[in-house]
Amino acid sequence: MFAGDATNLYRLTSGSFSDVSQETYNCPSTEFWEAVKWGNNVIFVNIIDDMQTMAMDGGSFSDLATSSLKPLARHIAMIRERPVIGNTSEGGTNYPNRVRWPNNSDYTDWDSNATNLSGSEDLEHGGEVQRLFGGEYGVIAMERAFYRMEFS
């Protein structure tokens with residue numbers, strides 16, 4: 001079990017939470033951490049700090065993105081075994097209606113590239129991304145619309 005607060009990320013071991021943060025984070029009280037499990041890893045996101053990942057069997061958190069693009073995100077879900085983020089900030093610009101997914105074989109690479117099936121989509125109708133739901137297909141909940149996301 002993992003948890004996060006304004007400045008740290010924690011792992012529950014032997015009945016108590018221990019700090020497994022890479023650094024001190026800056027998640028304000030108006031924002032929240034969201035997390036997903038992917039294989040043997042856990043991924044944490046918030047719109048302020050770099051996406052964080054950690055192997056579930058130990059260690060400490062580290063930055064997820066190693067690509068030139070290091071997006072931030074309010075929301076994350078696993079859709080067909082791939083992380084998808086929504087309501088992003090990229091290069092200091094907010095894209096509240098954007099969803100983005102990484103390289104098909106390297107989830108640390110978030111640069112758009114048709115060859116490795118990574119990319120993004122700006123959803124023109126419905127407002128900001130409010131939540132992502134994963135599974136065999138994704139559901140993107142917007143302020144005034146829902147979208148279904150499928151990889152094909």
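**View 1. Arg 144, which at 65% relative accessibility counts as exposed, forms a salt bridge with Glu 143, with N and O 3.7 Å apart.** Glu 143 counts as partly exposed, at 45% relative accessibility. Here buried means under 20% relative accessible area, exposed over 50% and partly exposed in between, with a 1.4 Å probe and protein chains only, while a salt bridge is a side-chain nitrogen of Lys or Arg within 4 Å of a carboxyl oxygen of Asp or Glu. The model is predicted, so local features need pLDDT of at least 70 and side-chain atom pairs count only at pLDDT 80 or more, whereas totals for chains, interfaces and linings use all residues. Residues are numbered from 1 along each chain as its sequence is written, and side-chain values use heavy atoms, with hydrogens and water left out.

**View 2. Arg 98 and Glu 90 meet through their side chains in a salt bridge, at 2.8 Å from N to O.** Arg 98 is buried, with a relative accessible area of 10%, and Glu 90 likewise counts as buried, at 9%. Arg 98 also lies over the face of Tyr 95, at 3.7 Å from the ring centre; a charge sits over a ring if NZ of Lys or CZ of Arg is within 6 Å of the ring centre and within 35 degrees of the ring normal.

**View 3. Arg 74 and Glu 31 form a salt bridge whose closest N and O atoms are 2.8 Å apart.** This pair links distant parts of the chain, 43 residues apart, with Arg 74 in strand E8 (residues 72-79) and Glu 31 in the loop between strand E3 (16-19) and strand E4 (34-38). Strands (E, at least two residues) and helices (H or I, at least four) are DSSP runs numbered from the N terminus. Arg 74 is partly exposed, with a relative accessible area of 27%, whereas Glu 31 is buried, at 14%.

**View 4. Trp 33 and Phe 44 are one of the 6 aromatic pairs found in a search of the whole structure.** Their rings are edge-to-face, 5.8 Å from centre to centre and with 70° between the planes; rings of Phe, Tyr and Trp (its six-membered ring) pair if their centres lie within 6.5 Å, and planes under 30 degrees apart count as stacked, over 60 as edge-to-face and the rest as tilted. Trp 33 counts as buried at 14% relative accessibility, as does Phe 44 at 5%.
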